[in-house]
Amino acid sequence: MTASLLDLPADDAGWLDLASTRADARLKEAGDILERLKDGAARTTLEKLDLWNDAEIAGSEVASAASLLSEVHPDAGIRAAAEQRVEAVDALVAERNLDRTLWAVFAGADREGLDEVAARLLDHILRDFRRGGVDLDDASRERVRELTARDTELSLAFNRAVRDGRREVRVAPESLEGLPADFVESHPVGDDGLVVLTTEYTDLLPVREFASDRGTRTAVLEAYNDLGWPDNDVVLAELLAIREERARLLGFTDWADFETETRMIGAGAEIPAFLAHLDEASRPAAAAEYERLLARLRRDVPDAEAVTSADYWFLMSALKREEYDVDAQVVRSYFRFDRVLAGVLETTGRLFDLQYVRVETPAWHEDVLSYDVLRVPDGDRGTPERLGRIHLDLHPRDGKYNHAACFTLSPGVAGRSLPEGVLVCNFSRGVLEHDEVVTFFHEFGHLVHYILGSHLKWIRFSGIETEWDFVEAPSQMLEEWAWDAATLATFTADEDGRPIPADLVQRMQRADGFGRALEVRRQLGYANVSYRLHVDRPADLQAATEALIEAATPIRPLRNAHTYAGFGHLTGYGACYYTYQWSLVIARDLLSAFGGDLREPEVARRYRTEILERGGSRDAADMVTSFLGRPYAFDAYRDWLAGA
C-alpha cells in the first residue's frame, strides 16, 4: 500500500466539510470498528490490535485536523465546528476506555507471537482502560465520563479566551523612544494623536526589550498579563476542581499524580522534588544576576526598589549591550524573516539528510507556506523518498493561536498515510529578534521530530508520541544551532549582504550566560504555578499565582496581574510545566554527544535513527541511553547553568 497525503479543501466550504461532515463520518467509522471488536468473533491478539489501530487512526485523523482548525482557521464558524469535533473525539475515547466489554477483549489477550512493540501497545491499551475508569462501579464510571467531557469543554473555552483576547494600548508617540526605526515606522500616529500597541508578539517582544519608557513597557505587559481575564477565572477554577475529582475517583492522590503516571518522572510527588533541585542549583547565581540588574535600573530610576517583569528584558538587553558589546538592535539587523526561514530549512535539511520542496496546495490562509519533506538517499544517489509535508503558518492575524506551537494536520502511519505537520507562529514579516530565531529553531525541532517519527505501524507510537516530559528535549536541543557561528553564517545578512560576524556570535554566546539562572528561576515560578494550582487548588488564583512567582524569582511580578488566565499550558501540560526544565536536562546531555561540533553528520544521523525516528515505540530513557551509550545525567545541565 502506498502512503498518501490528505486531500485538502480548496475553499471555506470544503474546510467546513472537513471539520464537520467528513469528521463525523470518520468518527462513525472509528465507532463501528470498536463495535466489531466486541462481536465475539475469534481473532488473534494481533488481529485485535490491528482493528484497534484502525479505530485509533480514524480518531487521530479527526482530532488532528479539528485541533488545528479550531486554532488557526480565519472563519469563526469553522473554528467552532472544529471545536465540536475535538469534543466528539475526546468523548469517543472516554466512552471507549469505560467500555467493559471492549476491555474484556484485551484483558485476557494471549501475548504469544507479539513482537516487542505490539506487546507495548497491548500494555498501553490496558493502562488506558484502567486510567479511564473501566473497573469502577457504574455511578463512578458515569461521573468520570461527565468529568472527562467537561475537561475538554473547559479547556477549549480557556484556549478560546486567550486566542481571542487580543488587547490594545494607546501611547504617545514619544513613548516609543528606544524602539527600532522599522518598528516606529510601522506604528503610525492615529487621528487621536496616539500610537496603538497590541499584545501580539510582534509588538510585545520589541516593546519589552527596547522601549526606554518604563511606563510603555509596563502598560503593554499589563495588558498581555490579562489575556483571557476575567473569563478564564471561573473556567480555570472549575477545570482545577473537576480534574481533582476525576483523579481521586480513579484512585490517584491528585491530578499531578494522575498525569505523571505515564511520564518519565513517574509520580506527582517527584515534581516538587525536581523543582527543589532546580531551586538549589540556580539560587546563588540568580541572586548575583539580580543585583546587577537592579544596579542598572537605578541608573535610570534612582529610587527604584525592585526590578519588575516589565524591566527584566529591557535591562537584560541593556547590560548585554553595555557590558558584553552585544547590541540587540544590531543583532536583529542580520535576521530578516525570509533569510531565517531559508536558514532553518537548510540547517535541518543538512543535519537530517532532508530536502524541502515548495509545493502549491490549498490551505486555510494565504500566508501558509507548504513543503514536501524528502529524504536524501545516502551519498545523494537515487530518487529522494517523500516522508511527508509541512505547512508553515508564521504571521499573526485575528482569531489565530497567538503563541508558537507545532500542530498535526494529518497523522502518518507506515504504508497508509504520510504525516502532515503544521508550524504555527506569530513572527514579524520584516526582521526577527534573535530570541525569535531561537523560537523558530525550537518549534521546527518539534516539526522534524513529528515528520521523522511518523512512519511506524501503530498510530499510538507514531509521531511525537513519547512521554510528555521528553517531548521538549529534541526541540530544545535544536535551539543550539541558532547560537552556532558557522550555521548562522550560512543564512544571515545585513543590508550590505554580509553575514553576522563570528566574533559577534561569540559575544552573544558569552552574553547568553548572563541571566541564565534568572531565566531558570522564571521557569521555576511557572512550574510551581502549574503544579500548585492543581494540587492545592487555592481559592484566590490571582494571589496564589503572584505569590508563587514572587517566591521563585527575585524579579517582581507586576501587581494584580492575571497571568494564570492566559497561561495556555495549564490546559495541555496541566500540573506538569516542570516538563520544560526536565527536558532541558536531557537536551543538554544529548548535545554533549556532538563534542562541540554541531555539524558532525554521523552523530546527527545516529540521533535521527535512535531518537527521532523511533517515535514512542520505546521508553524515552531507553532511546536516550541507546544514543548516548549511557543513561542521561544532570551534569551537562549543571555545567550549562554554571555558565551563568
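Two rings of Phe, Tyr or Trp (for Trp, the six-membered ring) form an aromatic pair if their centres lie within 6.5 Å, and the pair counts as stacked with planes under 30 degrees apart, edge-to-face over 60 and tilted for the rest. By that criterion, a search of the whole structure returns 26 aromatic pairs.

The model is a predicted one, in which local features need pLDDT of at least 70 and side-chain atom pairs count only at pLDDT 80 or more, while totals for chains, interfaces and linings use all residues. Residues are numbered from 1 along each chain as its sequence is written, and side-chain values use heavy atoms, with hydrogens and water left out.

Select Trp468 and Tyr573 to begin with: their rings form a tilted pair, 5.8 Å centre to centre with 50° between the planes. Trp468 belongs to the loop between H17 and H18, Tyr573 to the loop between helix H23 (569-572) and H24, and the two are 105 residues apart; helices here are DSSP runs (H or I, at least four residues), as strands are (E, at least two), numbered from the N terminus. Trp468 is partly exposed at a relative accessible area of 34%, whereas Tyr573, at 9%, counts as buried (buried is under 20%, exposed over 50%, partly exposed in between, with a 1.4 Å probe and protein chains only).

Next, select Trp481 and Phe594, an edge-to-face pair at 5.4 Å centre to centre and 85° between the planes. Trp481 lies in the loop between H18 and helix H19 (485-488) and Phe594 in the loop between H24 and H25, so this pair ties together parts 113 residues apart in sequence. Both Trp481 and Phe594 are buried.

Move on to helix H25 (residues 601-610), where Val603, Ala604, Tyr607, Arg608 and Glu610 are buried. The buried residues of H25 pack against several elements, among them helix H16 (337-352), strand E4 (369-375) and helix H17 (434-452). At the start of H25, a side-chain oxygen of Glu600 comes to within 3.0 Å of the backbone nitrogen of Glu602.

Within helix H17, select Glu436. Glu436 is buried yet has no salt bridge, the nearest side chain of opposite charge being Arg332, 6.6 Å away; a salt bridge needs a side-chain nitrogen of Lys or Arg within 4 Å of a carboxyl oxygen of Asp or Glu.

Finish at Arg208, whose charged end sits over the ring of Trp313, 3.7 Å from its centre (NZ of Lys or CZ of Arg within 6 Å of the ring centre and within 35 degrees of the ring normal).

Terms used. Contact = heavy atoms within 4.5 Å. Polar contact = N/O pair within 3.5 Å; in protein donor to acceptor, adjacent residues only side chain to side chain. Lys, Arg positive; Asp, Glu negative; His and termini not counted.
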